[in-house]
Amino acid sequence: MTAPVRVIVVGGGCRGEGHSHYASIHPERMQVVAVADPRKFARSKFQKQHKILEENIFEDWHAVVEREKFADAVLICTPDRLHKEPAVAFAKKGYHILLEKPMATTAEDCTAIVEVCIQSGVMLSVGHVLRYDPLIHKIKELIDAGVIGDVFHIQHLEPVGFYHFAHSYVRGNWRNEAESSFALLAKSCHDIDLIHHWAGARRRGYFTVSSFGSVSHFNKENKPPGAADRCLNCSVERDCPYSACKIYLDGVKKGHTGWPVSVICPNSFPDIESVTEALKTGPYGRCVYECDNDVCSNQVVNMQFEGGLTAAFSMVAFTEEICQRKTTIYGSKGELYYNGREIRVFDFLTQRATKHTADTNTPGQFFMSGHGGADYHLIHAFISAVANNDPSLIRSGPEETLLSHLLVFEAERSRLESRVVHCGDTKHN
Ligand SMILES: NC(=O)c1ccc[n+]([C@@H]2O[C@H](COP(=O)([O-])OP(=O)(O)OC[C@H]3O[C@@H](n4cnc5c(N)ncnc54)[C@H](O)[C@@H]3O)[C@@H](O)[C@H]2O)c1
């Protein structure tokens, strides 16, 4: 039996903690040997859960890279703007890397990370978790098997969810581009990556992209008359679907302490007292019409790849579904529809529809991750790749992921400059 893969967790927040459940389920495959996080609460939780030696508990990632290499891999789960520096430093030290998405917040930084990983001969897996979703993987298999013939159009919707958007993109960590990244990168890099993936070989040459979007609704102009700056003392809170009292306090009163309630109490376990205090003083108690948010709440991206393949992507905040993507892929022989739960393929020749499912069961707490268990498959693939020294097990590797990130940056350029952007062939620029 081989020894477990030793990992260091850099950023012991939601994602770092989530990936680390794998070590609790499969201690023979992965061992968390160190954690770096400025939050004492997070460090203590990790130390207790994974029995980490005192000398391997760090307040910051810099101190980890200063030490001789003492693990096989690092899971980089720091905030968006803190990805490039640790990724480059750990790659240079020879650590294999699971890097949360987005890789970095500029195209130059993404490129630099990939270059250093290649030069250092380390594996890089980016947290494009949807690539590991068994149903989404099945879509790719069906396309590659020619079930719908040549693909000519992809229509893809990302419904963020009304309270999810208010939580993460109006009040929370991804609300402000200068602090994190623009919405298409922070939220939809997964989706542009999937479109890119499904487009297959036709994405490699010349392509054009256009995009529109803005921050709708969540601004001062839409603040209801009489609304207060905080929900706890707002007289019209009852009529507001985005009320923090409804999203967090009602949840914890019913005993719900997972996401999103867990996020708003970063230094303690959530209970009625700590959640009330967070709403009184913290960012999550603010009126959604009085925040410093500037990221798009709805955005569309149109793409044209080689051979006339077109794709239309929409991201919308104002939805009932939370992140349950819907996709239709139109080919010369059939139409494929995916609703997050199953895939339906209609064959033009037989005029029959076939349904496809996949085993989405996952062990432990991974089923609660919000990604249909795909988080389990992401970390499982990474650990297997490291254990077997086989990068082919990683579906979100450096080159692929860099190309799809670059497409995201070009789409955002189109939105900001109000023009169609031509890529991959300078004579069109
Ligand atoms: N793959 C996905 O589907 C997915 C989903 C959500 C978030 N993310 C991404 O994962 C990353 C982490 O998100 P999260 O939700 O876990 O955020 P989080 O805020 O819960 O966790 C980030 C952690 O990094 C820590 N940190 C800050 N500075 C640090 C430093 N110098 N050294 C070490 N740790 C430091 C913070 O204290 C915090 O605990 C982000 O880039 C986010 O965009 C990916």
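Modeller: Strand β1 is mostly covered, since five of its six residues are buried. Please bear in mind that this is a predicted model.

Let us begin with the partners of β1. Strand β2, residues 30-36, runs parallel to β1 and is joined to it by six bridges. Within this pairing, V7 stands opposite V32 of β2. The two strands belong to an open sheet of six strands, in the order β3-β2-β1-β4-β5-β6, and the pairing is parallel. At the edges stand β3 (57-58) and β6 (124-126); each has a single partner strand, so one side of each lacks a neighbour in the sheet.

What lies across β1? Helix α1 does, and it also lies across β2, β4 (73-76) and β5 (96-99). The helix runs at about 150° to β2.

Between β1 (5-10) and α1 there is a loop, and G13 is placed in it. Is G13 buried, exposed or partly exposed? It has 19 C-beta neighbours inside 10 Å, and G13 therefore counts as partly exposed. A residue is called buried when 20 or more other C-beta atoms lie within 10 Å of its own. If neighbours within four places in sequence are left aside, G13 is in contact with A42 and C77. The C-alpha atoms of G13 and A145, by comparison, are 40 Å apart, and 132 residues separate the two in sequence.

G13 also leads us to the ligand. The ligand is surrounded by 25 residues, and the closest are G11, G13, R15, E100 and G127. Helix α1 (residues 14-25), which was described above as lying across β1, gives the largest share of this shell, with three residues. Sorted by class, the shell has 11 nonpolar, seven polar and seven charged residues.

We may now turn to a pair of helices. Helix α4 (residues 84-92) and helix α5 (residues 107-120) have axes that come within 9 Å and cross at roughly 10°. With such an angle, α4 is roughly parallel to α5. In their contact, K84, A87, V88, A91 and K92 of α4 meet D109, A112, I113, V116, C117 and S120 of α5. By class, these residues of the contact divide into seven nonpolar, one polar and three charged.

On the side of α10, the contact is made by A244, Y248, L249, V252 and K253, and on the side of α12 by I272, V275, T276 and L279. Seven of the residues in this contact are nonpolar, one is polar and one is charged.

The model also has another sheet. It is an open sheet of nine strands with mixed pairing, in the order β14-β13-β12-β11-β7-β10-β9-β8-β15. Its edges are held by β14 (352-356) and β15 (421-423); each has a single partner strand, so one side of each has no neighbour in the sheet. On average, neighbouring strands here are turned by 15° against each other, with direction ignored. Near one end of the listed order, β13 (residues 343-347) runs antiparallel to β14, and five bridges join them. There, V345 has T354 of β14 as its bridge partner.

Helix α9 (residues 189-199) lies across β7 (151-159), β9 (298-304), β10 (310-316) and β11 (326-331), and it runs at about 165° to β7. Helix α14 (residues 398-417) lies across β8, β9 and β15, at about 60° to β8.

Finally, consider N222, which is found in the loop between β8 (207-214) and α10. N222 is exposed, because it has 11 other C-beta atoms within 10 Å, and a residue with 12 or fewer is counted as exposed. Apart from neighbours within four places in sequence, N222 is in contact with H217 and Y289. Its C-alpha atom is separated by 51 Å from that of P27, which is 195 residues away along the chain.

Definitions and conventions:
Residues numbered from 1 in each chain as written. Predicted model: local features only at pLDDT ≥ 70, side-chain atom pairs only at ≥ 80, totals over all residues. Contact = placed C-beta atoms within 7 Å. Helix = DSSP H or I, 4+ residues; strand = E, 2+ residues; numbered from the N terminus. Nonpolar A, V, L, I, M, F, W, Y, C, P; charged D, E, K, R; others polar. Near = placed C-beta within 6 Å. Pairing = 2+ DSSP bridges. Axes fitted to C-alpha atoms, helices over the stretch in contact; angles between N-to-C directions. Parallel < 35°, antiparallel > 145°, perpendicular 65-115°, else oblique.
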